[in-house]
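Please consider the following sequence and structure together.

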Amino acid sequence: MKRIQVGFIAVTCASLIGCGGNGGGGGENDPQVRDYSDTFTALLSTPPYPMTNPYNEVKEQLGELLFWDPILSGDQNTSCASCHHPDFGWADGRRFSIGSDGIGLGPARFGSEITPIHSPTIMNVAFTGTTVNKSTNSFVSGGYFWDLRVDTLEKQAEGPIKNPIEMLGYNIAEADIMAAVVNRLKAIPEYVGLFQQAFPETKAINSENITKALATFERKIITPNSRFDQFLAGDQTVLTQQEVIGLNKFIDSGCARCHSGPMLSDNAIHLGEAIINDVVVRTPSLRNISFTAPYMHDGSRPRLIDAIADYENRGDIDVNIDDDDFNDIAVFLRTLDTSTFYKGKPDVVPSGLTVGGDIY
Ligand code: HEC
Ligand code: HEC
């Protein structure tokens with residue numbers, strides 16, 4: 001067992017990240033706790049809110065009801081929760097999602113409107129794009145979707161409502177859906193009252209306030225204080241020796257070059273580095289990974305160990321692990337799990353429609 005002082009190791013580790021991988025294939029079993037502060041930081045226990053959409057409690061509650069209310073969909077049968085459901089780690093447990101004509105939930109859902117890409121979790125989207133150096137004080141967004149095509153949660157939220165495969169269906173035109181949804185909501189006194197309290201300045205039911213409420217609710221679903229966060233905060237006793245070995249392998253074999261910071265993601269697209277299937281997508285977060293199978297942008301890896309195994313002998317992206325390392329790394333990644341994350345489901349939604357849509 002190697003025993004070297006923490007300060008020295010921190011330097012070694014930084015230079016290993018710099019050159020990526022240890023060249024030899026497979027990390028050695030180093031159980032020594034290092035200084036990880038250049039690579040990872042604990043997740044904050046409160047989410048950041050943008051100045052243009054400050055928090056208030058009614059806005060968060062309104063956003064939760066809208067998230068579950070199929071009234072936002074063209075045919076009033078699909079909700080955000082159809083594909084981002086707490087029972088499946090706020091994703092849907094499927095390779096590809098079924099949207100506007102779907103019935104059922106998770107792997108049991110069936111229908112023919114299928115998204116071309118895997119549904120990511122919405123856990124911790126409040127922190128998307130935060131890094132070790134970029135504080136969340138003035139930070140509100142980081143690029144959403146697998147290709148980072150929108151830069152705020154507020155803008156993201158209109159996407160699925162206007163998408164025929166996801167929520168729109170084919171009976172209302174994309175250009176008309178937001179006005180139709182606004183009219184539906186205006187006809188429901190409970191929504192009128194909630195919008196008035198959530199938006200005291202404008203008191204308006206309009207698309208901007210709908211997306212602001214949805215984003216405020218999404219910012220609630222964060223997963224701080226995992227065992228790894230407690231460890232980063234200084235409690236070295238919370239990780240087992242194998243977990244520390246896995247953590248050190250994760251760094252030494254090059255994973256933390258992309259999976260770093262509070263999210264274990266740089267939220268960047270690594271151009272020229274095709275990860276699998278020659279498709280280039282952004283680095284996903286690895287927080288609460290045990291709850292969000294299947295993995296990768298095409299959901300093609302059913303188990304965590306399968307996703308990790310993709311990185312065996314990957315000289316092309318300067319990563320080197322072999323099958324002795326898979327389990328240690330998986331054991332480390334599970335220290336990011338928090339089984340107590342928010343899993344609330346409203347009993348009723350103000351429209352009186354089925355909560356969540358056709359997900360029974
Ligand atoms: C039919 C399934 C489906 C429905 C319904 C749906 N989504 Fe999604 N969601 C997806 C898929 C698939 C993606 C990835 C799309 C992409 O990257 O191009 C996604 C991406 C997202 C993201 C980006 C997450 C990230 O890390 O970048 C957020 C946030 C999100 N959805 C929120 C919502 C909200 C809010 C609603 C309701 C207004 C909603 N979704 C409805 C399937 C769905
Ligand atoms: C060059 C940047 C880069 C490096 C280095 C890297 N990854 Fe990734 N990682 C990504 C990207 C990009 C994806 C998404 C790929 C896809 O969806 O096809 C990903 C996906 C994953 C996933 C699946 C996450 C999910 O929710 O779907 C896991 C697990 C993972 N990486 C672990 C690792 C491990 C372990 C290592 C080191 C052995 C590593 N990564 C090295 C960029 C990287």
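The model is a predicted one. In it, ligand 1 is surrounded by 27 residues, and the closest of these are Cys 80, Cys 83, His 84, Phe 145 and Trp 146. By residue class, the shell around ligand 1 comprises 15 nonpolar, 8 polar and 4 charged residues.

Several side chains place polar atoms beside the ligand. His 84, one of the closest residues, has a side-chain N or O atom 2.9 Å from a nitrogen atom of ligand 1. For Arg 149, a polar side-chain atom is found 3.0 Å from an oxygen atom of ligand 1. Glu 166 likewise brings a polar side-chain atom to 3.4 Å from a nitrogen atom of the ligand. As for secondary structure, the elements that contribute two or more residues to the shell are helix 3 (153-162) and helix 4 (164-168). Helix 3 contributes the most, with 5 residues.

Two packed helices are described by the angle and the distance between their axes. The axes of helix 3 and helix 5 (residues 174-186) come within 10 Å and cross at roughly 110 degrees. Because of this angle, helix 3 is roughly perpendicular to helix 5. On the side of helix 3, the contact is formed by Glu 158, Ile 161 and Lys 162; helix 5 supplies Glu 174, Ile 177 and Met 178. These contact residues divide into 3 nonpolar and 3 charged, with no polar residue.

Key
Residues numbered from 1 in each chain as written. Chains lettered and ligands numbered in written order. Predicted model: local features only at pLDDT ≥ 70, side-chain atom pairs only at ≥ 80, totals over all residues. Heavy atoms only, no water. Near = heavy atom within 4 Å. Polar contact = N/O pair within 3.5 Å; in protein donor to acceptor, adjacent residues only side chain to side chain. Helix = DSSP H or I, 4+ residues; strand = E, 2+ residues; numbered from the N terminus. Nonpolar A, V, L, I, M, F, W, Y, C, P; charged D, E, K, R; others polar. Axes fitted to C-alpha atoms, helices over the stretch in contact; angles between N-to-C directions. Parallel < 35°, antiparallel > 145°, perpendicular 65-115°, else oblique. Contact = heavy atoms within 4.5 Å.
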